[in-house]
Amino acid sequence: MSIIKASNLTKSFGHDHTAIKAVDNVSISIQAAEIILIMGPSGSGKTTLLSLLGGLLTPSQGNIEIDGVNITALKETALPAIRALKIGFIFQSFNLLDALSVEDNILFPARLRPGGINKARSRASKLIEQLGLQKRSKALPQSLSGGEKQRVAIARALINEPKVILADEPTGNLDSQTGQDVMMLLHDIAHEQGCSVVVVTHDPRIEDIADRILWLEDGKLSDRKHDQHKWCRDPVCGMRIDEWTAEYTLQYSGIKYSFCSQKCLDKFNDHPGQYLSNP
Amino acid sequence: MLKWTWKSVFSQRGTLIGSVLGIACTFILVIFFDAVWRGESEQVVSYPAHMKPDVWVMQSGVGNMHMAMSFVWDWKADKIAKLPGVKQVTPILYLNSIVTSEQNQIFAFIVGLLPDNKRAGPWKLSAGRHIENPLETVIPDVLAKISNLNIADKIHIADKLFTIVGMSSGTYSSANPVLFVPFSDLEDLLASTGTYSYLLVDADEGTRPEVLVQRIRDEVDKVNVLTHEEFINNDYSMAIQMGVEIIVIMTIICSVLAALIVGFTSYSLVIRRRRELAIIKALGVRSINILTSVILQAIIVTSIGFGIAVFFALFILPYTTLLQPQLTLSLSLSSLTHIGMIAFIVAVLGALLPAWHVSRMEAASAYHV
C-alpha cells in the first residue's frame with residue numbers, strides 16, 4: 001500500500017522569464033516500511049521535493065496523497081494537523097527547541113495531538129530508553145552532543161507514530177560512527193514500525209540501508225543503480241565519499257577534495273598540511 | 001505550547017534582562033514625567049484650591065488668577081458683604097512679580113493680606129510666624145530651600161525690600177510660588193488705593209453658591225462672579241497653558257519614546273526567535289497559535305518591565321524630592337493603571353508585525369534555519 005503518492009509534482013520559484021523549476025514533473029510512490037534515498041547534486045531540488053512531500057510547501061502543479069489524504073486539496077489551515085500527526089521531520093541541524101528539555105522536546109508534537117499527551121508520556125519514556133537517552137532526559141539541547149541531538153530529533157519525529165519520516169541530511173552534521181548509528185535507527189524504524197522513511201542525503205553510507213535510491217537532477221527524478229559512484233576518501237576522517245554527490249567540497253592547490261561533513265571541512269581548512277601529509 | 005512560550009522567554013537570560021531593563025527604564029521615565037506633570041498641575045492651583053471660598057468676585061473680564069490683574073472697588077466689597085446669604089467677604093490684593101534674592105530671581109504670585117486676615121493667608125507654616133508688620137513676608141519653604149534663604153533674610157519684591165518672617169508649606173510650584181505680604185505694602189507697589197484684586201466670599205449655611213453668584217451679579221455692576229469650581233477650572237486651564245505645557249510636551253515625547261522602545265523590544269524578541277518559530281510551524285503548530293504565543297511573550301516581558309518600573313515608582317521615586325525639593329510628584333493608582341494599559345497595547349502592537357511575518361513564513365524555511 002502506498003503511504004505517499006505524488007503525481008506530476010512541479011514546484012517553480014519566481015515568475016515568467018525568471019521562473020525556475022526546482023521540482024519538475026516528479027511522480028513517486030512510496031510503500032509502508034520502505035526506505036527511499038533521494039540523492040543528487042547540490043541545488044538539484046532535493047530539499048524542495050522533501051518540503052513538498054511534507055506539506056511544508058505547496059506545489060505549483062500536481063497532487064500529493066499521504067496515507068490516503070490528498071494534501072494538495074486541503075486548505076492551508078488543515079496542513080499543520082497533517083504535519084503533526086502523519087509526518088515526522090528530521091532536520092540536518094537537529095532543530096531542537098533550546099528552551100525545552102530532551103523529554104519536553106520529544107513530547108512537543110504530542111501536545112499538538114488532542115488528548116494525546118498522557119499516552120505520549122509512556123511512549124516518550126520508551127523512545128528515550130530505546131535511543132539511549134535515559135540519563136539525558138532532563139538535559140537542555142545545548143548540553144547534548146551532535147549524536148544525542150539527532151537521536152532526540154528522531155524520537156520527536158516518532159512520538160506521534162507517524163506514517164512517514166522525512167529526513168533531510170540526518171547524518172550531515174555527525175561524525176562517522178554517530179552517522180552509522182543514526183542510519184541503523186532509521187533502518188529499524190522503517191522495518192519494525194512499518195514507517196516509510198524518505199531521506200535526502202549526500203552520504204553514501206546510507207545507501208546500504210535503502211530499499212530504493214532515487215536520483216534528482218535539475219528537478220527531475222530517475223532511478224539510480226547502487227554501483228554508480230565515483231568514490232574518494234575524506235582526507236580528514238578517511239570516510240568513503242561519492243564525489244558526484246558530495247556536498248562539502250574544496251579546491252586546494254588545484255585538487256578537489258570531498259568531505260563527509262562541515263566539521264571535517266572546517267578541520268581541513270584549519271590545518272590542511274596536517275591532512276595532506278597523512279593521506 | 002504554553003510551556004514552550006513561557007520557557008523560551010526565560011531561556012535567553014541576557015536578552016530577557018536587556019529587554020526588561022530597557023522597558024523598565026522607559027516606563028520609569030514615563031511614570032516620573034506623569035507624576036511631575038500631575039504634581040505640578042495640582043500645585044499650580046494650590047492657593048485658590050486651599051482658600052476654597054464659595055464664590056470668587058473679581059474685575060469684569062477677568063476669570064482666573066494665574067498671570068491675571070484685577071481691581072475691584074472697596075465699596076463693592078462692602079455692598080456684597082451686606083447681601084443676604086453672605087457670611088463673610090475676605091479681600092486680597094494680588095500681583096505677579098519678580099522676587100529677587102542674593103542667589104536668584106524668581107517669578108512669583110504676591111498676595112497682600114489685610115491685618116489679621118488669616119482666612120486668605122498661608123494655611124500651614126513650617127517655620128517662623130505670620131506677617132504682623134510692614135515689609136514682612138512669608139515665603140514658600142521650598143523656595144527658601146532652593147534659594148538658600150532663612151528667616152530674617154531680605155528679599156526684593158519689585159523695588160521694596162522685605163524681611164522673611166515665616167515659611168509656608170504647600171505654596172510652591174515651579175510656575176507660581178505664592179508669597180504673602182502686608183496689604184498696605186502691596187498697595188504701595190501697585191500705587192493703588194481703595195481697591196482689592198479678588199474677593200473671597202463665603203456663603204451662609206443653607207445658601208447655595210450658584211444662588212449667591214446670581215445675587216451678586218444682580219446687585220453689583222462691572223464685576224465677574226464665579227463659583228469656586230468655575231474659578232479653579234479657569235485658573236487650572238490657564239496655568240496648564242502657560243506654565244505646565246513644557247512638562248506636557250516632555251511627557252508626550254517620553255510616552256512616544258516608550259511606545260517605540262516597547263514596540264522595538266517586542267519586535268526584536270520575535271526576530272531572535274524566528275528560527276524556533278519556523279521549527280514549530282514545520283512541526284505542525286498552527287499560525288494562530290504562533291501569533292498568540294508571540295504576543296503572550298511580548299506581554300510577559302512588558303509586564304516584568306512594567307512591574308519593575310511600578311516598584312521603582314512607588315518605593316524609590318518619592319525620594320527624588322529630597323534631592324530636588326522643587327519637584328512635586330503625584331503618583332496615583334489610576335495613572336499607573338493608565339500607563340500599564342498603554343504598555344500592554346504597545347507591546348501587543350509591537351509584536352503584531354513580526355508575528356504576522358512569522359505566521360506567513362513558509363514552514364519549509366525550517367530546513368534553512
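Five residue pairs, with both members at pLDDT 80 or more, are in polar contact between chain A and chain B of this predicted model. On the side of chain A that touches chain B, helix 1 (46–53), helix 2 and strand 7 (164–168) of chain A each supply at least two residues. Helix 2 of chain A makes the largest contribution to that side, with four residues. By class, the residues of chain A that touch chain B comprise 15 nonpolar, five polar and six charged.

The contact as a whole draws 26 residues from chain A and 23 residues from chain B. Between the two chains an area of about 2200 Å² is buried, and carbon and sulfur atoms account for 62% of this area. On the chain A side, 22% of the area buried against chain B is supplied by A:Leu56, A:Ala99 and A:Phe108, a share that exceeds that of any other three residues.

Salt bridges were examined both over the whole structure and at the interface. Over all chains the structure holds 15 salt bridges, and two are found across the interface of chain A and chain B. In one salt bridge, B:Lys7 is paired with A:Asp104, and the closest N and O atoms are 3.7 Å apart. This pair crosses between chains, linking helix 3 (residues 102–107) of chain A, which holds A:Asp104, to helix 1 (residues 2–11) of chain B, which holds B:Lys7.

Rolling a probe the size of a water molecule over the atoms shows where empty space is left. The second largest pocket contains about 300 Å³ of space. Its lining consists of 19 residues, and those closest to the centre of the pocket are A:Glu76, A:Thr77, A:Pro80, B:Lys281 and B:Ser287. Two or more lining residues are given by each of helix 2 (79–86) of chain A and helix 10 (287–315) and helix 12 (333–360) of chain B. Helix 2 of chain A gives the most to this lining, with three residues; helix 2 of chain A also provides the largest share of the side of chain A that touches chain B. The lining of the second largest pocket divides by class into eight nonpolar, five polar and six charged residues.

Seven cavities of 30 Å³ or more are present in the whole structure. The largest cavity holds about 100 Å³ of space. Of the 14 residues that line the largest cavity, A:His202, A:Asp203, A:Tyr248, A:Phe259 and A:Cys260 lie nearest its centre. The lining of the largest cavity has seven nonpolar, three polar and four charged residues.

Key: Residues numbered from 1 in each chain as written. Chains lettered and ligands numbered in written order. Predicted model: local features only at pLDDT ≥ 70, side-chain atom pairs only at ≥ 80, totals over all residues. Heavy atoms only, no water. 1 Å grid on protein atoms, 1.4 Å probe; cavity = no way out; pocket = protein on both sides within 12 Å on 5 of 7 lines; lining within 4 Å. Points joined across faces, edges and corners; volume = space filled by probe spheres on them. Nonpolar A, V, L, I, M, F, W, Y, C, P; charged D, E, K, R; others polar. Contact = heavy atoms within 4.5 Å. Buried area = accessible area lost by both parts, 1.4 Å probe. Salt bridge = Lys/Arg side-chain N within 4 Å of Asp/Glu carboxyl O. Polar contact = N/O pair within 3.5 Å; in protein donor to acceptor, adjacent residues only side chain to side chain.
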